[in-house]
Amino acid sequence: MKKNSITMRVVSLLAVLVLFTGCQLKEKEVHGESSRKEGDVSIFVISDPHLLSSRINDKGNAFERYSVGGDGKNLPYIEEIFSVFMKEVQEKKPDYLLVSGDLTNNGERASHEDLSAYFKILEEQGTEVLVTPGNHDLQNPHARGFLGDKQMKVDTVTPEEFTALYKDFGFQDALYRDEASLSYVYEASEDLWILMMDTNRYSENIKLGYPQAGGILSLSSFQFMRQVLKEAKEKGIEVISASHHNSIIHAQNAVEDYVLDNSEEYVNILKAGGVKLNLTGHIHIQDIQKDPHGSQYFEIASGALSVYPHKYGQLLFGKEEGIRYESVKVPLDTVMTGSRLSEFQTLDAQSKAFFAENSSSRIYHRLITEEGETEEDAKVMAEAVGELNALYFGGDEDQFSEKLLQHPGVQLLLLRENTRTSQYVTRMLTEEGPDDNRLFISLAAED
């Protein structure tokens, strides 16, 4: 592509700037007309869809054992869940769909390919998709398929392959890209930029033999953020950021490997740049937190789309009106499951039972093996925790009923002192903070 002399001077100036600041800032490639929206911007937000392709999963014995031993992701119906969400997007037609990481179960190439095909359909119908990876998505040695009684190793993807597969979903049309990571900034409208930060550690995954769960940002990526935010502030443009890892503590039992190792610097850079909202995921819990130091910086951790109650966020941005957010359940009560009449139930009911049973099983094992409970007490305690978790993971603690609070298992746990499970339940029952499902942020200039 030919460049005029002015463009060449700009490129030269940027090269000098990189040399002296260490900032890895890559200019936007030009691909025709700008795709930015005019006026108010509507954004759907999801995290942790953990799609697993049916092309590498026959749902046999190996998969059944795997799915019930996990962390509550409803993998047996993951494609059905995502298909219903797709219909929501197609019917409501938001301007953007933002996905904050863990797109796939364990970074399987086939799952990435399927998800890219889903996103292409949405873009063809008018919804731009923006993605950033999560800790499961890249160079993952745990990438597996399932065939009969056996798990089988399948191909994962490199960072370069990831950007090639998802080039149409943020990367190719990014305003700027960080050459030190897969971070980029996207011009969503004349008033809004979306800063998508890659916070993952994946360069050592293959050598280590496992995916690193924790997150960190390099000095170069921090410099990329500073320069982007400086330009946005000078132009009077608002910025919403997104990262897979959390920048604020959302749950006391989800700190190590969940909150960025250098979260304080990340938050300080965002606040200095005037950013008021960071979108994240990773913990699988729907939760909203405000900066504990008192600023107007908020973080929304989206509950995992793959985990009951399968929520997504609806966000509306207006330069004058501010930012409005509300979480919404994917309407799985419109889908039936079961192969025999006696087994028929809605996918919503199936998923709630699947999550509660999975949660109860894990708690029961801990109560027996770590906390010395009798089988009788452990059973009733685990049942109670499963019911509590089904609401807690959706940010719906306000729906804890009096009947649930009087559950014998809850009462037994409240009598225990300083056990891991009793402390977890106490935190659930006493947690304070903003509404986890609704948020309004004013963008009006402060006096």
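The following legends describe an overview and several close-up views of a predicted model.

**View 1. Overall dimensions and composition of the chain.** The secondary structure of this predicted chain consists of 14 helices and 18 strands. Its radius of gyration is 22 Å, close to the 22 Å that the globule rule gives for 447 residues, so the chain is as compact as a globular protein of that length. Along the principal axes, the C-alpha trace extends over about 80 × 55 × 45 Å. Buried residues make up 54% of the 447 residues. Of the contacts between residues at least 6 apart in sequence, 72% join residues at least 24 apart. The chain exposes about 20,300 Å², and carbon and sulfur atoms supply 50% of this area.

**View 2. The open sheet of six strands.** The strands are arranged in the order β4-β3-β2-β14-β15-β18, and their pairing is mixed. Strands β4 and β18 (438–441) stand at the edges; each has a single partner strand, so one side of each is left without a neighbour in the sheet. On average, neighbouring strands of this sheet are turned by 20° against each other, direction ignored.

**View 3. Helices against the sheet.** Helix α3 (residues 78–92) packs on the sheet, where it touches β2 (41–46), β3 (96–100), β14 (311–318) and β15. The direction of α3 makes about 175° with that of β2. Helix α4 (residues 109–124) lies across β3 and β4, and runs at about 145° to β4.

View 4. Strands β15 (residues 322–329) and β18 run antiparallel and are joined by four bridges. Within this pair, Arg324 has Phe440 of β18 as its bridge partner. The side chains of β18 alternate along the strand.

View 5. Gln139 is located in the loop between β4 (128–132) and β5 (144–147). Its relative accessibility is 16%, and Gln139 therefore counts as buried, the limit being under 20%. A polar atom of the Gln139 side chain lies 2.8 Å from the backbone oxygen of Tyr202. Not counting residues up to four places away in sequence, Gln139 touches Thr156, Val157, Thr158 and Pro159, as well as Tyr202, Ser203, Asn205 and Ile206. Although Gln139 and Pro159 are 20 residues apart in sequence, their C-alpha atoms are 7.7 Å apart in space.

**View 6. Surroundings of His407.** His407 occupies the loop between α12 (402–405) and α13 (408–415). With a relative accessibility of 10%, His407 counts as buried. The backbone nitrogen of Gly409 is 2.8 Å from a polar atom of the His407 side chain. Apart from neighbours within four places in sequence, the residues in contact with His407 are Val380, Glu383, Ala384 and Glu387.

Key
Residues are numbered from 1 along each chain as its sequence is written. This is a predicted model: local features need pLDDT of at least 70, side-chain atom pairs count only at pLDDT 80 or more; totals for chains, interfaces and linings use all residues. Side-chain values use heavy atoms; hydrogens and water are left out. Helices (H or I, at least four residues) and strands (E, at least two) are DSSP runs, numbered from the N terminus. Buried means under 20% relative accessible area, exposed over 50%, partly exposed in between (1.4 Å probe, protein chains only). Contact means heavy atoms within 4.5 Å. A polar contact is a pair of N or O atoms within 3.5 Å; within protein, one must be able to donate a hydrogen and the other to accept it, and residues adjacent in sequence count only if both atoms are side-chain atoms. Two strands pair if DSSP finds at least two bridges between them. Axes are lines fitted to C-alpha atoms, for helices over the stretch in contact, and angles run from 0 to 180 degrees between N-to-C directions. The radius of gyration is taken over C-alpha atoms; the globule rule is 2.2 Å times the number of residues to the power 0.38. Accessible areas come from the Shrake-Rupley method with a 1.4 Å probe; for residues, only the protein chains shown count as cover.
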